[in-house]
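Morning, everyone. I'll talk about salt bridges, then cavities. Here is the model.

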Amino acid sequence: MRRANPITRGVLFLMGDERRQRITIPVFAILLSLIASSVVLLILGKNPMEAFVSLLRGSGILPKEAYAAKKSMLTDFLSLLNAWTPMLFASLSVAVAMRAGLFNIGVSGQMLCAGFIATVTVGYAENLPAVVAKPLVVIIGLVAGALVASIIGFLKQKWNINEVVSAIMLNYIIRYVVSFFVKATINNPSTRQSWPVTASSRLSLMDTELGGLKMDIPLGIILAVAAVILVQFLFTKMKLGFELRAIGGNPVAARYAGVNVGRNTVLVMAISGALAGLAGVTYYLGYFGSIQPDVLISTGFDAIAVCILGNSNPIGIIFSSLLISVIDKGSTYLQSSIGVRQEIGALITGLILLFSACGAFISYLVNRGRQHEEDARKLLSGAGGKEAKA
Amino acid sequence: MADEYIVEMRHITKRFPGIVANDDISLGIKKGEIFALLGENGAGKSTLMSMLFGMYEPDEGEIYIRGKREHITSPNYATKLNIGMVHQHFKLVSNYTIAENIILGIEPKRRAGIFPVVDIKSTNEKVAALSKQYGLEVDPKAKIEDINVSTQQRVEILKMLYREAEILIFDEPTAVLTPQEIDFLLQIIRGLREGGKTIILITHKLEEIKQVADRCAILNRGKLIDILDVASTSTQTMANLMVGREVDFVVDKAPAKFGKEVLRVEHLTVKNRDNFPVVKDVSFSVRAGEIFAIAGVSGNGQVEIADAVAGMVRAAEGTITLNGTDITHMDIRSRTDLGISYIPEDRQNMGLVLDFTLEDNLALKTYYREPFCHKGILNHEAFSQYGQRLIGEYDIRSGQGKDTVVRSMSGGNQQKAIVAREIELASPLMIFVQPTRGLDIGAIENIHRQILIERDKGRAILLISLELDEIMGLADTIGVIFSGELLKTAPADTLTTNEVGQFMMGVKQNEES
């Protein structure tokens with residue numbers, strides 16, 4: 001048995017044991033995807049470094065060379081936060097369900113449903129003051145999302161209907177029903193979208209003048225960060241979190257331990273749906289401001305990969321969702337600054353999500369390599385020791 | 001010397017994080033003998049044989065096969081050296097037929113036109129011939145999911161024979177079998193020896209070794225204690241060497257002091273998923289300080305009785321009363337709170353969340369109570385103190401103490417964890433289903449003692465076991481179940497092992513008079 005070459009050994013050493021791999025594997029997946037994107041950019045004849053820097057510039061992480069009037073790095077950064085908020089909520093939504101062993105693939109549908117209900121109930125109420133309208137939007141989003149998702153949980157616990165199937169079906173139902181009502185009632189013929197919601201109901205303060213700058217201030221981000229802390233608290237400190245993790249680990253053992261698996265299944269879907277609902281209102285009544293019919297946005301699906309990239313851990317998800325939002329937001333500037341088409345941004349995102357989904361495989365390779373290396377090292381040192389003795 | 005041995009292991013050492021699984025072990029196995037490896041759980045038997053089968057490589061030491069030094073780097077290479085292994089947990093594809101499983105990986109090919117196809121017809125014939133030759137009767141076309149455990153084991157043996165294995169390793173082959181099936185298996189093993197095969201038997205059951213083995217190596221905590229000639233050694237000596245101290249075969253049992261009735265089951269009927277009654281009109285009661293044992297051949301409804309009392313399955317008819325409270329329709333949590341401890345048959349799929357830490361698993365039935373939980377918030381300090389105490393008191397061994405992920409623990413220690421958790425509940429009724437299945441003598445003795453201690457504390461104990469010896473040794477009252485019906489209930493001292501055995505086979509009560 002031979003030891004691996006120094007490069008492999010270095011990589012194996014850096015990846016560390018299983019505890020450390022929770023961080024090193026996602027980082028490694030991101031590195032791989034950046035390398036793969038570099039290849040694409042090189043084929044396009046662009047300098048990859050330049051492209052990555054312009055992604056960061058476009059999203060307000062690094063300063064641009066020049067800014068238009070009333071714009072600055074802060075403007076870009078706030079606009080990044082504005083886009084990030086729904087993504088963070090959506091990823092948390094997926095994570096909560098996943099920890100309990102459920103796969104919520106219906107986040108996009110739940111977002112749309114919550115966004116639509118909030119839009120028609122509060123979004124066009126001209127006379128409602130902001131202090132009433134905004135909390136109302138949040139509450140309606142939360143409740144609507146929770147109700148829709150708990151249907152999935154109910155179907156699962158009552159008739160053991162696979163949550164993936166019912167969520168996908170619900171996605172279709174919501175998409176077509178909402179599209180019908182948007183087109184029939186609140187359609188703006190010139191934009192082919194719903195009329196924009198009132199400023200007082202919108203969760204992002206758009207084009208706000210502050211210190212000589214015009215900025216979009218996302219109020220939802222405060223809620224999103226609070227949600228991260230709450231979800232983390234739920235799973236590390238709360239009895240409910242313990243029960244949900246037990247169900248996720250072994251539903252039979254959870255039932256044997258006296259956990260009410262059926263009720264908790266509905267409950268966890270409701271929590272997941274509430275977070276999806278918040279993602280919906282911060283998107284449709286925050287970042288975007290209106291509803292586009294016939295479209296189910298990709299946020300809820302990307303969130304699944306973002307959640308996996310972040311190990312279904314709320315803290316990890318902060319980083320993984322921010323990364324995806326940076327690329328998403330920066331890709332406009334990528335096009336305007338160095339002439340790489342905006343879609344390349346989506347391609348990089350896709351590559352990251354692809355590699356992150358391979359995390360378990362990478363982890364398997366690393367652990368096998370480490371075991372092999374360990375065996376080889378011991379064998380060699382053992383043999384060496386014996387020879388020395390002889 | 002070396003060439004007289006077909007397998008020789010010299011100075012083998014294997015370490016795992018936090019433990020030396022094998023410490024400088026040297027042994028030789030002769031061609032055509034049945035060589036037993038005896039040791040408690042975690043003694044290093046399986047590790048040692050896994051190295052022979054190429055699943056691990058030794059950290060130190062050398063392996064010689066037929067006098068030639070070999071580096072066995074993979075099970076494939078071991079197969080090439082004519083070494084085969086039947087694992088404790090079978091490795092079969094459940095929706096494939098027996099023949100398909102046997103040829104998996106080395107499929108005989110033929111051509112149908114331009115397409116290469118698996119030649120299943122000739123395989124079926126070859127498998128049938130092979131099974132006839134060694135007396136391992138199977139139907140090559142039956143699917144694995146439709147056949148019972150002992151037939152599945154025969155498939156594993158055929159798999160090795162099909163690959164022309166000369167050295168056959170059996171890892172705890174009898175752990176999952178009934179007494180009759182064990183007898184049959186031992187016969188097969190003897191037949192294989194007559195056929196010129198070399199057999200290595202990993203086990204902790206002394207009677208089996210006494211029955212079939214020629215020589216036996218005893219391992220204790222990773223070290224080789226001795227290699228003995230089985231014919232000239234008593235089981236008592238082997239047991240003492242294996243455990244490392246004197247072992248009591250006879251359970252010291254004080255006379256029972258029965259108290260008031262704790263559990264009363266009346267006219268209980270339980271139906272399975274196909275709405276077929278698996279428990280039929282069963283009635284019995286268990287008093288405080290009494291061990292009520294249900295004897296029966298596996299699959300006759302005894303596990304369903306336990307599940308129904310614990311609340312895991314619904315009672316279709318009848319009532320279950322605990323300390324005067326009707327619990328027939330109560331949920332599981334309320335039953336636990338009212339006083340039921342339950343050690344289930346399937347420890348990995350029911351008794352534990354394998355990916356939880358040991359400390360979380362030890363608190364799996366109490367996490368919602370004070371001091372573990374206060375107003376919905378967990379107290380991790382309480383978890384860890386409680387875990388630490390139970391690990392110490394019940395001698396639960398693991399790599400990283402209370403933070404060990406239970407999946408990585410040995411079966412015996414997983415069982416100790418469940419027993420610890422359930423006994424600590426201090427419930428008036430304790431249900432033990434197969435509490436010693438797959439455990440070694442030391443651990444069995446320990447659990448038997450614990451069951452008796454709990455009985456003497458005045459708990460009512462419902463014991464369900466397939467081991468007749470266990471039932472005869474522990475029970476105060478015996479109920480024999482056959483095909484879902486309780487055929488006979490009587491005080492233990494009025495029944496002989498033979499009588500119980502007959503009832504287990506379905507001989508009706510009226511035939512005895």
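Start with Lys402(B). Lys402(B) makes a salt bridge with Asp403(B), and their closest N and O atoms are 3.6 Å apart. A salt bridge here means a side-chain nitrogen of Lys or Arg within 4 Å of a carboxyl oxygen of Asp or Glu. Lys402(B) counts as buried, at 18% relative accessibility. Asp403(B), at 41%, counts as partly exposed. The cut-offs: buried is under 20% relative accessible area, exposed is over 50%, and partly exposed lies in between, with a 1.4 Å probe and protein chains only.

Now the ground rules. This is a predicted model, where local features need pLDDT of at least 70 and side-chain atom pairs count only at pLDDT 80 or more, while totals for chains, interfaces and linings use all residues. Residues are numbered from 1 along each chain as its sequence is written, chains are lettered from A and ligands numbered from 1 in the order in which they are written, and side-chain values use heavy atoms, leaving out hydrogens and water.

How many salt bridges are there over all chains? The search finds 32. Take Arg193(B) and Asp214(B), with closest N and O atoms 2.8 Å apart. Arg193(B) sits in helix α6 (residues 179-194) of chain B and Asp214(B) in the loop between α7 (206-212) and β11 (215-220), so this pair ties together parts 21 residues apart in sequence. Helices (H or I, at least four residues) and strands (E, at least two) are DSSP runs, numbered from the N terminus.

Next, a network. Salt bridges link Lys14(B), Arg15(B), Asp59(B) and Glu60(B).

On to cavities. A cavity is a set of points on a 1 Å grid over the protein atoms alone where a 1.4 Å probe fits but cannot get out; lining residues have an atom within 4 Å of a point. Volume is the space filled by probe spheres set on the points, and points join across faces, edges and corners. The count is five cavities of 30 Å³ or more.

The largest cavity holds about 100 Å³. It has 11 lining residues, with Pro58(B), Ile63(B), Glu70(B), His71(B) and Ile72(B) nearest its centre. β4(B) gives the most to that lining, three residues.

The second largest cavity holds about 70 Å³. Which helix of chain B gives the most to its lining? That is α15(B), with four residues. Among the lining residues are Tyr394(B), Lys416(B) and Gln450(B).

That's it from me. Comments, please.

Notes
On a 1 Å grid over the protein atoms alone, a cavity is a set of points where a 1.4 Å probe fits but cannot get out, and a pocket is an open set with protein on both sides within 12 Å along at least five of seven lines; lining residues have an atom within 4 Å of a point.
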